[in-house]
Amino acid sequence: MERISTKQMSVLIIFFVIGDMLLFLPSNMAAIAHQDAWISGLIGLVLGLLFAWLIFEFSQCFPGLNLVQIHKQVLGTWVGGAVSLFYMIIMFHDAATQVREIGDFVTTQMMTETPMRIICILMVIMLVVAIRSGLESIARTAEVLILVFAIMFIAVILLLIPEAKLDRLTPVLEHDIPTLVHGSLFFIAFPFTELFVMWMILPNVKANEHLRKDFILASVIGGIAIFAIVLMSLLVLGAYLTEHQMYSTYTLAKKIGIGHFLERVEAILAISWLLCTYFRMVIYGYGFIKGIAELLQIQDYRYLTIPFGTLTFSYALVIAPNVVYFDSMNPYWVTWDFTYFPVIPLIVYLIFKIRQRAMRR
Amino acid sequence: MFVMVTGLVLAVSVLAAAVELPKLIKQRQGREAAVYGVMLVIGMALCIITGINIKLPSPFQLLVWIYKPVNDWFAAMFPGGG
């Protein structure tokens with residue numbers, strides 16, 4: 001049994017929450033709430049943390065069991081298996097999505113002449129190597145790289161402060177409450193709702209009295225980081241540019257220029273984005289492969305890594321014809337995510353409680 | 001170029017299978033071998049399809065088909081929500 005410490009778990013959560021949202025969130029949110037996207041961000045931060053907490057509490061109702069085992073215990077082998085398979089689909093889909101996003105970003109912004117397949121295959125190789133080395137190695141790698149990530153990320157935010165202008169946020173509260181909540185859905189769904197993947201990892205965390213505190217704290221840190229990015233994006237670029245840029249944060253980093261000696265630091269941002277997207281991808285991939293192994297009662301999930309790599313690579317290419325189509329799927333994806341977190345676990349929890357009561361009688 | 005990358009992926013997959021599958025079968029792990037084989041064959045088939053540039057329908061179309069009514073219902077319930 002692989003064991004990771006709570007500190008390593010927190011690091012994985014921080015990477016997971018920030019993930020690919022570092023690049024996509026500002027434009028998604030500004031497209032709906034315009035200059036009020038930061039208020040949407042605040043609403044989303046509060047609701048998202050509530051979701052993160054509920055996700056943690058749900059897993060604590062079933063100590064030591066992962067997602068597949070929970071469903072098997074509560075719903076039985078067949079129904080539980082079907083529900084778990086439904087979760088495996090989104091994990092696989094999301095892992096392939098991260099690969100595709102990296103491919104799209106690198107080929108449209110940085111290496112325009114390179115075919116996307118090359119970038120995808122490189123990422124898939126890294127994914128396979130990571131999963132094959134096991135959760136402990138993944139967690140240790142994350143623990144080392146979080147420092148690099150934190151320094152680069154904070155540097156980008158600090159260097160942007162001279163460019164920020166508060167009047168870009170005016171008029172404040174131009175939009176009504178439903179619009180603000182609508183904008184905040186992206187902030188809740190992609191980073192926080194998808195934390196359900198942690199149900200695959202939590203049973204492997206060494207029990208510790210500050211497990212709950214660390215889980216929530218890590219979500220708070222991740223949430224504040226993406227909130228900072230949304231806010232900076234609005235302050236520096238303004239609502240119009242933010243919502244019309246595909247990768248607004250990347251454009252944002254291009255704005256950094258101090259004197260004539262510190263310029264073109266967008267590569268730093270691209271690297272930090274690649275880092276956190278990579279870890280998000282690895283966590284999804286690990287969750288998927290572990291779940292499939294559990295579902296089909298395979299002793300060692302490591303056997304499945306190579307076929308998983310082939311499958312992820314080809315699925316990442318099939319997933320969408322182009323990046324515009326890909327982006328237009330976000331509203332449906334949000335609803336899809338909400339089925340996975342509040343809806344299905346709520347039903348599972350109710351069935352669990354009813355069965356528990358029936359058992360007592 | 002596409003053919004080269006596809007060929008590389010296929011070659012690596014086949015090579016890995018050639019090394020790993022006999023091991024699994026020797027250890028009498030039939031279930032593992034079956035799952036391994038199925039995943040690899042689906043992966044390789046998809047890889048060939050994308051390699052020769054056949055356009056498959058995106059899996060997102062299923063997502064839209066399922067969730068469009070839900071989203072429309074929410075939009076009707078909360079008018080003015082952007």
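Biologist: What pattern does chain B follow when read along the sequence?
Modeller: Chain B follows the pattern α-α-α along its sequence. The radius of gyration of chain B is 21 Å, well over the 12 Å from the globule rule for 82 residues, so chain B is more spread out than a compact globule. The radius of gyration is taken over C-alpha atoms, and the globule rule is 2.2 Å times the number of residues to the power 0.38.

Biologist: What should I know about the model and its numbering?
Modeller: This is a predicted model, in which local features need pLDDT of at least 70 and side-chain atom pairs count only at pLDDT 80 or more, while totals for chains, interfaces and linings use all residues. Residues are numbered from 1 along each chain as its sequence is written, chains are lettered from A and ligands numbered from 1 in the order in which they are written, and side-chain values use heavy atoms, with hydrogens and water left out.

Biologist: How many helices and strands are there in chain B?
Modeller: Chain B has three helices and zero strands. Helices (H or I, at least four residues) and strands (E, at least two) are DSSP runs, numbered from the N terminus. The C-alpha atoms of chain B fill a box of roughly 60 × 35 × 15 Å along the principal axes.

Biologist: And how much of chain B is buried?
Modeller: Buried residues make up 35% of its 82 residues. Buried means under 20% relative accessible area, exposed over 50%, and partly exposed in between (1.4 Å probe, protein chains only). The accessible surface of chain B comes to about 5300 Å², with 76% belonging to carbon and sulfur atoms. Such areas come from the Shrake-Rupley method with a 1.4 Å probe, and for residues only the protein chains shown count as cover.

Biologist: Where is B:Ile52 found, and is B:Ile52 buried or exposed?
Modeller: B:Ile52 is in the loop between helix H2 (30-51) and helix H3 (60-77) of chain B. With a relative accessible area of 57%, B:Ile52 is exposed.

Biologist: Let us turn to chain A. How many helices and strands are there?
Modeller: Chain A contains 15 helices and two strands. Its radius of gyration is 20 Å, close to the 21 Å that the globule rule gives for 361 residues, so chain A is as compact as a globular protein of that length. The C-alpha trace of chain A spans about 70 × 45 × 40 Å along its principal axes, and 60% of the 361 residues count as buried.

Biologist: Which residues does A:Leu235 touch?
Modeller: Not counting residues up to four places away in sequence, A:Leu235 touches A:Glu163, A:Ala164, A:Lys165, A:Leu166, A:Arg168 and A:Leu169. Contact means heavy atoms within 4.5 Å. A:Leu235 lies in helix H10 (residues 211-244) of chain A and is buried, at a relative accessible area of 10%.

Biologist: What about the backbone? Which peptide bond is cis?
Modeller: The bond from A:Thr170 to A:Pro171 is cis, with omega near -10 degrees. A:Pro171 is found in the loop between helix H7 (135-160) and helix H8 (177-192) of chain A. A:Leu173 also lies in the loop between H7 and H8, and has a positive phi of about 55 degrees although it is not a glycine.

Biologist: Where is A:Arg264, and what is its phi?
Modeller: A:Arg264 sits in the loop between strand E2 (262-263) and helix H12 (266-295) of chain A. Its phi is near 55 degrees, a positive value in a residue other than glycine. A:Arg264 counts as exposed, at 66% relative accessibility.

Biologist: Now the two chains together. How many residues are in contact?
Modeller: In chain A, 39 residues are in contact with 40 residues of chain B. The area buried between the chains is about 3500 Å², of which carbon and sulfur atoms give 73%. Buried area is the accessible area (1.4 Å probe) that two parts lose on being put together, summed over both.

Biologist: Which three residues of chain A supply more of the area than any other three?
Modeller: They are A:Arg117, A:Tyr303 and A:Tyr332, which supply 20% of the area that chain A buries against chain B.
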